[in-house]
Amino acid sequence: MLRRLSPLSLFVWSGVLVVLAWAVMLVVELNRAAETSKQALDTAKVNAVYEQAQAALRASKADAVREALVAAAALDPAERARVERIQKLHAAYEAQPTAAFAGSIQHALEAGSAAAGVRAHQLGIRAYAGEKRVVDGGRQIIVLACFVFGALWWLLRQHRRRLEEARRQELKRLSEMASSDPLTGLRNHRVFHEDLARELQRAGRTGSSLALVLLDLDNLKTLNDTHGHQAGDRRIRELADALRETLRATDTAYRIGGDEFAVLLPDAHTWGALEFTQRLHQAFPGATAGIAATTTLVARDALIHDADMALLTAKRTHQRALVYTQELDPGTVTPTVDDHHTQTLAAALAHAVDAKDSYTRSHCQTVSQLSALIAEALGFEGERLARMRLAGLLHDVGKIGVPDAILNKRAALTEAEYEVMKQHAVLGAEIVESAGLPEQARWVRHHHERIDGRGYPDGLAGEEIPLESRIILVADSFEAMTSDRPYRRAPGREFALAELRCHAGAQFDPDVVDALCRVLDDTRELAHDL
């Protein structure tokens, strides 16, 4: 145990022992001084008794003399020999009362009185010296005790703090064990439901937004079956690390199942959640995301259901991320086998376009999500909303036929090259129509038409342009201005919204720009109201 004590602790406890030993010594010294003081008092009484005997002798009171001598012997045993001699002289004096006997007795009593006085004085000096030593030692021990016990109090206080800190750390560790996933260190399924309920209450109380992202780790079972569960665990930890790097300070990630993760993004709308998934996919491309958001108090299971529907649809159609809109609910639209094949084919074509165009990354999928959100804000629902999402996914499919030299050219296009580029809208419409989607083909053909009639390929103007095409144009333009390119950094959201407002009524439909601002929760004055 002594080995576990610090040098300071050993020093302080040694000081405590010194104080205690010194205190014992002072008690012994005090007892000795008290005994000496008592002896001095008794000796002083002997002196007084001898004086009483002298007075009785002068008064010829023999009985009083005898009583005084007996008292002197009783008070001080050392006086017995002297008392016996005086008693013999007094007995002789009583038998023959002469002046010589009286003088001898008087002289013996005076000698005894003087000797007792001297002895009492000596004993008093010794008692005083002992008491002085006790007092001086007491002062010193008080000073030492204050220092030692002050240090001991400080040590005990530090020890108590360490114990309390250890207790807090242990409670924290136990709390983390109860609330964390042991493999990833992320919060677990139970805490996810508690936090989600609390954030929904806050959103309902303050009117703030809340976005939920459900993630599914792709092909985990195949990885476990092929390379073992350790490889699968490494993959799970890699996704958890990517989540930590991507999260904002206010966001929280959870592992809620074997290959299932969830992220809560307070004060984030669907577009912010979609941007989060894009950042995550740059760090970790092997996960599929479903997104749902709310600005009101909704049931916890309802928000999870919406995000889950988006995730299931994204997995089924092989898209990286999908934002929930009403048409994804099975009760709204009844999917058919052809619909499933169409969605899968559309996703494959979108992947092909994004892979061909080195300037973009998931551009088609992002435009599809944004188009669906704008359309929902404009009142689209059911089948029409589903077709809108599909058209957004296919809007650039015609770029498959554009030469790579033109598509990936970093410098400005020549007039001839620009004419070739503009043909992608026509080619895309032909590809989509050949897939049995004539309505979406028409929207794809006209998604570069302008409100003022200066667009391509047909120069349509105003209401001649399908509303769905106008939606795709705004979503396409906004995405282009908010994503990086190899030759430039993205101008950003503020710049993109300012440009859309500036050209609303000429290039863009003001109502569509208005809907985009609502989707992005932009509360500033809209372009067509200026």
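In this predicted model, helices H1 and H4 are roughly antiparallel to each other, since their axes cross at roughly 160° and angles over 145 degrees count as roughly antiparallel. Helix H1 comprises residues 7–58 and helix H4 residues 99–179, and the two axes come within 6 Å. The crossing in which H1 passes H4 is left-handed. By residue class, the contact of H1 with H4 is made up of 36 nonpolar, 17 polar and 8 charged residues.

The unreviewed UniProt entry lists residues 7–28 and 137–156 under "transmembrane region". In the model, residues 7–28 are 100% helix and 0% strand, with the end C-alpha atoms 32 Å apart, while the span of residues 137–156 is likewise 100% helix and 0% strand, its end C-alpha atoms lying 27 Å apart.

With regard to cysteines, the structure holds 0 disulfides. For Cys502, the closest cysteine sulfur is that of Cys517, at 13 Å, which is too far for a bond, because a disulfide requires a pair of cysteine sulfur atoms within 2.5 Å. Cys502 is also exposed, with a relative accessible area of 57%, and Cys146 is exposed with a relative accessible area of 56%.

Terms used: Residues are numbered from 1 along each chain as its sequence is written. This is a predicted model: local features need pLDDT of at least 70, side-chain atom pairs count only at pLDDT 80 or more; totals for chains, interfaces and linings use all residues. Side-chain values use heavy atoms; hydrogens and water are left out. Buried means under 20% relative accessible area, exposed over 50%, partly exposed in between (1.4 Å probe, protein chains only). UniProt positions are given in the numbering used here, feature names are shortened, and annotations may be inferred rather than shown by experiment. Helices (H or I, at least four residues) and strands (E, at least two) are DSSP runs, numbered from the N terminus. Axes are lines fitted to C-alpha atoms, for helices over the stretch in contact, and angles run from 0 to 180 degrees between N-to-C directions. Angles under 35 degrees count as roughly parallel, over 145 as roughly antiparallel, 65 to 115 as roughly perpendicular and the rest as oblique. A crossing is left-handed if the near helix is turned anticlockwise from the far one by less than a right angle, and right-handed if clockwise. Ala, Val, Leu, Ile, Met, Phe, Trp, Tyr, Cys and Pro count as nonpolar, Asp, Glu, Lys and Arg as charged, and the others, Gly among them, as polar.
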